[in-house]
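This report goes through one protein chain, from its overall make-up to a few local features. Please keep the sequence and the model in view while reading.

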Amino acid sequence: PPDSLCVFIKEDDNPYLPETLKVESSHLKATNPESWKHIYGGQCRSAVKGAIFGKEVQKATEEGRICNVAIDLSKPVDTFWDLGFGDMMSVWFAQSYGGWFNFVDYLENNGETIHWYMIQLQKKGYLYGNHWLPHDGVDTIIHQNLAGGDKSRSIEMIMRAAGYSVRVAPKLYKTDRINAARIIFPQSRFDQKRCSEGIHALRRYQWGPEGANGVLKSQPLHDKYSHGADAFCVAGVCIREPRNAKPPASKPA
């Protein structure tokens, strides 16, 4: 609530911590530092059990890459999509500059047609580059509801007809897309306000539940968070390398 007082408290702030817990704390810190941060270090858990991008999001948080990311109005914004109608539809907005992949915005919704999303793109007022759709963006049947009931045109065709520069991501195994996303994480920055829902999806993206043998399934859990993560995987596969600024020209002798 607005009148709450929030105080960061960790193990050292408890003057009555018994010696037995100090020993347990020391052992946990040495053997499982992530759990120690939550149990004794006063930090919220950064991810759920079996989180696919748990370590990557945690490192981005620790390195201050979830922050206020400025939008360079002189550079194009590329978008990366996961398509859905009954399921969540997710879109990441990114710029590549200064040696970084800057994720400056995020959009998600469900139950709306592609025309609603194109209006939202216009309202944001960005200078757009390419709009990267997943491989099924060329299918005229799978996303007919998203297309407004039109079975004759794919989402790619509808967006191209509206004047957008549309590209389609290659069809890859899900594990390959996940690995591609992991590769771009160290160079990625996320606007903590505009991308808050997308960041939450990345935190909650997880492997399927444990089987009878106690081992997590090898395929991600399909839920409302997986769509934002899948859109980020499209970015991992398709986003262009950021171009570093050219060094200044040397002066003539």
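## Basis of the values

The model is predicted; local features need pLDDT of at least 70, side-chain atom pairs count only at pLDDT 80 or more, and totals for chains, interfaces and linings use all residues. Residues are numbered from 1 along each chain as its sequence is written, and side-chain values use heavy atoms, with hydrogens and water left out.

## Overall make-up

The protein chain has eight helices and seven strands. These are DSSP runs numbered from the N terminus: helices are H or I with at least four residues, strands are E with at least two. Along the principal axes, the C-alpha atoms fill a box of roughly 70 × 70 × 40 Å.

Of the 253 residues, 41% count as buried. Buried means under 20% relative accessible area, exposed over 50%, and partly exposed in between, with a 1.4 Å probe and protein chains only. Among contacts (heavy atoms within 4.5 Å) with a separation of 6 or more, 66% are between residues 24 or more positions apart.

## Strand 3 and its partners

Strand 3 covers residues 89–97, and eight of its nine residues are buried, so the strand is largely enclosed by the rest of the structure. Strand 3 pairs with strand 2 (residues 77–82) in the antiparallel sense over five bridges; two strands count as paired if DSSP finds at least two bridges between them. Within this pairing, Phe-80 has Trp-92 of strand 3 as its bridge partner. The two strands form a hairpin, with six residues between them.

Strand 3 also runs antiparallel to strand 4 (residues 100–109), joined to it by nine bridges. Met-89 stands opposite Asn-109 of strand 4. The hairpin of strand 3 and strand 4 has two residues between the strands, and Gly-98 takes a positive phi near 65° there.

## The cavity

One cavity of 30 Å³ or more is counted. A cavity is a set of points, on a 1 Å grid over the protein atoms alone, where a 1.4 Å probe fits but cannot get out; lining residues have an atom within 4 Å of a point. Grid points are joined across faces, edges and corners, and a volume is the space filled by probe spheres set on the points. The largest cavity has a volume of about 40 Å³.

The lining of the largest cavity consists of Val-57, Ala-60, Ile-66, Phe-185, Phe-190, Ile-199 and Leu-202. Helix 3 (54–62) and helix 7 (196–204) each supply at least two of the lining residues. By class, the lining has seven nonpolar, no polar and no charged residues. Ala, Val, Leu, Ile, Met, Phe, Trp, Tyr, Cys and Pro count as nonpolar, Asp, Glu, Lys and Arg as charged, and the others, Gly among them, as polar.

## Cysteines

The structure holds zero disulfides, a disulfide being a pair of cysteine sulfur atoms within 2.5 Å. For Cys-67, the closest cysteine sulfur is that of Cys-195, 10 Å away, which is too far for a bond. Cys-195 is buried, with a relative accessible area of 0%.

## Ile-158

Ile-158 is found in helix 5 (residues 155–161). Ile-158 is buried, with a relative accessible area of 4%. Leaving aside neighbours within four places in sequence, Ile-158 is in contact with Ile-114, His-115, Met-118, Ala-147 and Arg-153. Ile-158 and His-115 are 43 residues apart in sequence and 8.7 Å apart in space, C-alpha to C-alpha.

Notes
On a 1 Å grid over the protein atoms alone, a cavity is a set of points where a 1.4 Å probe fits but cannot get out, and a pocket is an open set with protein on both sides within 12 Å along at least five of seven lines; lining residues have an atom within 4 Å of a point.
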